[in-house]
Amino acid sequence: MGIKIVPRHGKSLKDRLYIPAIFGGMKTTFTHFKENLGDVSKLKTMQYPEVQPDDITDRYRGVHRLTKWEDESEKCVACYMCATACPAQCIFIEAEERFDEVAEKRPKEFKIDLLECVFCGYCVEACPCDAIRMDTGIFSFTASKREDFVLDKKHLMANERSKDFDNE
């Protein structure tokens with residue numbers, strides 16, 4: 001196999017300094033700046049904390065939730081499939097024996113660290129009993145302490161399905 005020589009373009013000083021590209025970019029910037037000064041109503045900026053976006057897609061993965069049976073007990077059988085499938089390893093499960101004839105075991109502790117989570121949805125796909133979902137529609141989870149980003153079983157079961165996702 002021979003060596004392929006790729007010819008280089010832009011040998012002149014003007015091309016190596018990127019002067020035309022810089023002026024082209026500045027022209028575009030000032031054109032938009034002038035248009036925005038003229039008519040503020042066309043701005044696409046949203047005042048985020050006060051105005052929530054309403055155009056979130058149906059495929060969006062929000063904060064996790066654990067689903068429940070009709071008797072308000074968790075569907076999770078502590079099989080560790082979600083924790084195994086998680087690439088960020090942010091799911092922590094401690095199992096205990098279950099005595100209500102629904103399953104052999106249940107999670108004594110179920111925690112998800114949202115600071116480590118990459119919201120990939122692998123945990124939802126791996127769950128054999130559809131116990132964990134990411135359809136809450138909560139896209140902005142804020143807290144003041146790191147500990148508040150670790151969601152336990154009680155918090156995950158309190159998360160409800162978003163009304164925006166009811167059309168599925």
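**A buried lysine and the salt bridges**

Mentor: Start with Lys 75: it is buried and has no salt bridge, and the nearest side chain of opposite charge, Asp 130, is 5.0 Å away. Bear in mind that this is a predicted model, where local features need pLDDT of at least 70, side-chain atom pairs count only at pLDDT 80 or more, and totals for chains, interfaces and linings use all residues. Residues are numbered from 1 along each chain as its sequence is written, and side-chain values use heavy atoms, with hydrogens and water left out.

Trainee: What is Lys 75 in contact with, leaving aside its neighbours within four places in sequence?

Mentor: Contact means heavy atoms within 4.5 Å. On that basis the list is Thr 67, Lys 68, Trp 69, Cys 129, Asp 130 and Ala 131. Lys 75 itself sits in the loop between β1 (65-66) and α3 (81-85); helices (H or I, at least four residues) and strands (E, at least two) are DSSP runs, numbered from the N terminus.

Trainee: What makes Glu 72 and Lys 68 a salt bridge?

Mentor: Their N to O distance is 3.4 Å, so the pair passes the cut-off.

Trainee: And why is Glu 72 called exposed?

Mentor: Buried means under 20% relative accessible area, exposed over 50%, and partly exposed in between (1.4 Å probe, protein chains only). Glu 72 has 54%, so exposed it is. Lys 68, at 29%, is partly exposed.

Trainee: How do you know that Arg 106 and Glu 74 tie together separate parts of the chain?

Mentor: Their side chains meet in a salt bridge at 4.0 Å, N to O. Arg 106 lies in strand β3 (residues 105-113) and Glu 74 in the loop between β1 and α3, so the pair joins parts that are 32 residues apart in sequence. Glu 74 counts as buried because its relative accessibility is 5%, whereas Arg 106 is partly exposed at 30%.

Trainee: How many salt bridges does a search of the whole structure find?

Mentor: The search turns up 9. One of them joins Glu 94 and Lys 108, with the closest N and O atoms 3.9 Å apart.

Conventions: Lys, Arg positive; Asp, Glu negative; His and termini not counted.
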